[in-house]
Amino acid sequence: MNMLSNPIQLVHTSDFHINIENDHIILHGNVDESAGVMLRGSVVLNCHETTKVRSITLKFIGKAKVNWTEGLGSHQRHYKEEKTIIKHEWSFLPSNRKTYHLPEGHYKWDFELPLPGDLPESVEHDLGQVYYRLKAVVERPTFSMNYNDRRMLRVSRVLLPSSLELTQSLVISNIWVDKLSYDISVPSKVFSMGSLIPITFALVPIAQDLQVRSVSCVLKEYTTLSAEDHSKMEGRVIKHLRDENFASGPDPWTKTELLPVPDCTSHLVQTDSLCDLIKIKHKLKFTVSLTNADGHISELRAAIPVVIAEISPEEDENALPAYEDAWKSAPYDPQQVAALIARGDLPPSIAISAPNEAAIGANTTLSSSDTDDEDHTRPSTPIGNTVAPADGGLTLPWQGIDLSRVPSYTTAIRSNRLYSFSGSLPGYDSLVAVPGRSG
């Protein structure tokens with residue numbers, strides 16, 4: 001009998017999953033200047049009948065791993081190391097002696113975690129990796145199947161537009177005595193995946209009857225692995241370009257070659273990364289092959305270090321804002337903000353942090369009669385009702401406000417504002433896990 005012809009269907013009475021605002025974490029600036037970002041999301045449990053639960057937890061972990069072998073036969077040696085980069089755990093339903101009985105319904109636990117700006121970028125290499133993962137677990141009583149969900153996150157870095165690497169071109173300029181004067185330049189040090197690298201060659205022959213046989217450009221990736229006080233470097237060619245039709249003649253030879261960088265979907269190139277166990281760097285290497293008057297071949301070789309990023313600052317600036325941040329791009333109108341909050345499209349903390357009369361009444365706690373009994377959510381964040389100015393007129397944002405005053409830390413925490421880009425410390429209350437509860 002073919003056991004595969006009658007697969008056993010497992011029917012779960014609940015579904016459990018992790019929702020996150022964005023699984024692509026983008027850090028702005030280098031490791032010394034990035035303020036970090038806020039990881040935000042929720043854990044959702046839908047119970048289709050009364051469900052017994054012992055605990056509900058969520059773990060976030062970032063790790064770096066390397067694993068490689070060197071040598072042959074009896075001289076072969078294996079190197080392996082693992083390092084935890086970041087770790088955090090939430091307990092939404094703490095484990096205790098008693099079992100929780102969750103009635104049928106929808107349960108949701110929100111979470112947020114400030115991520116430091118010096119996190120290394122995600123790496124997927126044959127000999128090592130840097131990865132970030134969320135894992136949520138609903139622990140069930142004995143003989144009951146636990147519920148699990150995992151979400152992988154990708155961490156990338158984009159340099160600030162003011163970075164010198166973006167604003168300064170790189171030039172190699174020199175004279176090959178009695179043979180050639182040359183300038184090789186690229187407009188920037190940083191290039192994103194899927195872009196073209198323009199490489200300009202400006203060659204001035206000094207020797208007579210000198211001709212350019214070919215020009216070659218190579219993008220090369222260097223990976224350094226470290227474990228047990230031992231390191232290993234390996235290089236591989238990412239992209240190669242050879243031009244055998246470079247102009248020749250009595251005038252200066254100038255030409256711009258375009259070297260394509262593979263895009264992220266090809267998995268042919270990694271971004272630059274600085275991690276204790278895995279370091280990835282890139283270089284552009286050039287070879288100019290020359291034919292001399294007597295027929296013998298001479299070669300000019302040079303190299304320039306470059307940075308490969310997943311996205312460019314221009315792409316990052318043009319990206320659409322998160323749904324809850326879309327209001328920031330519209331002209332400010334206190335009545336409009338109040339209406340959006342009253343309708344539930346914006347959190348009340350937006351009004352509290354806005355410097356105008358639209359914040360009036362934003363601290364009012366929503367009465368129990370206004371809650372939806374069908375939606376069982378974590379009650380840790382008060383929901384406010386906000387009203388527009390009584391006179392209904394337009395209030396300019398700066399009227400009646402001392403713009404030179406910065407709110408105190410306590411006031412900022414009381415606003416419950418969830419920042420998408422912040423180096424601020426969270427309030428103590430926001431770190432206390434409050435179990436979700438039904439109606």
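Me: In which strand is His24 found?

Reply: His24 is found in strand E2, which covers residues 24-28. Strands (E, at least two residues) and helices (H or I, at least four) are DSSP runs, numbered from the N terminus. Before we go on, please keep in mind that this is a predicted model, in which local features need pLDDT of at least 70 and side-chain atom pairs count only at pLDDT 80 or more, while totals for chains, interfaces and linings use all residues. Residues are numbered from 1 along each chain as its sequence is written, and side-chain values use heavy atoms, with hydrogens and water left out.

Me: Is His24 buried or exposed?

Reply: His24 counts as buried, because its relative accessibility is 16%. Buried means under 20% relative accessible area, exposed means over 50%, and partly exposed lies in between, using a 1.4 Å probe and protein chains only.

Me: And which side chain does His24 make a polar contact with?

Reply: The side chain of His24 is joined to that of Ser156 by a polar contact of 2.7 Å. A polar contact is a pair of N or O atoms within 3.5 Å; within protein, one must be able to donate a hydrogen and the other to accept it, and residues adjacent in sequence count only if both atoms are side-chain atoms.

Me: Which residue forms a salt bridge with Glu310?

Reply: That is Arg154, and the closest N and O atoms of the two are 2.8 Å apart. The pair links distant parts of the chain, since Arg154 is in strand E11 while Glu310 is in the loop between strand E21 (297-309) and helix H2 (313-318), 156 residues apart. A salt bridge is a side-chain nitrogen of Lys or Arg within 4 Å of a carboxyl oxygen of Asp or Glu. Arg154 is partly exposed, with a relative accessible area of 36%.

Me: Why would such side chains pair at all?

Reply: In general, side chains of opposite charge can pair when their charged atoms come close.

Me: How many salt bridges are there in the whole structure?

Reply: A search of the whole structure finds 14. One of them joins the side chains of Arg54 and Glu139, at 3.8 Å from N to O. Here too the pair links distant parts of the chain, with Arg54 in the loop between strand E4 (51-53) and strand E5 (55-70) and Glu139 in strand E10 (residues 128-139), 85 residues apart. Arg54 counts as partly exposed at 26% relative accessibility, and Glu139 is partly exposed with a relative accessible area of 31%.

Me: What about Arg157, which residue is its salt bridge partner?

Reply: Arg157 forms a salt bridge with Glu121, and their closest N and O atoms are 3.1 Å apart. Because Arg157 lies in strand E11 (residues 147-158) and Glu121 in the loop between strand E8 (105-115) and strand E9 (123-125), the pair ties together parts that are 36 residues apart in sequence. Arg157 is buried, with a relative accessible area of 11%, and Glu121 is buried as well, at 9%.

Me: Changing topic, which residues form the positive surface patch?

Reply: Lys279, Lys281, Lys283 and Lys285 form a positive surface patch. Patches are made of residues with over 30% relative accessible area and no salt bridge, where like charges are joined within 9 Å and nonpolar side chains (Val, Leu, Ile, Met, Phe, Trp, Tyr) within 5 Å. Lys283 is found in strand E20 (residues 278-291), and Lys283 is partly exposed, with a relative accessible area of 37%.

Me: One last thing, what is the phi of His267?

Reply: Phi of His267 is near 60°, which is a positive value in a residue other than glycine. His267 is found in the loop between strand E18 (253-260) and strand E19 (273-274), and His267 is exposed, with a relative accessible area of 66%. Glu228 also has a positive phi, near 55°, and Glu228 is found in the loop between strand E16 (211-227) and strand E17 (230-243).

Technical notes:
Areas by Shrake-Rupley, 256 points an atom, 1.4 Å probe, with all protein chains shown as cover. Lys, Arg positive; Asp, Glu negative; His and termini not counted. Charge placed at Lys NZ, Arg CZ, Asp CG, Glu CD.
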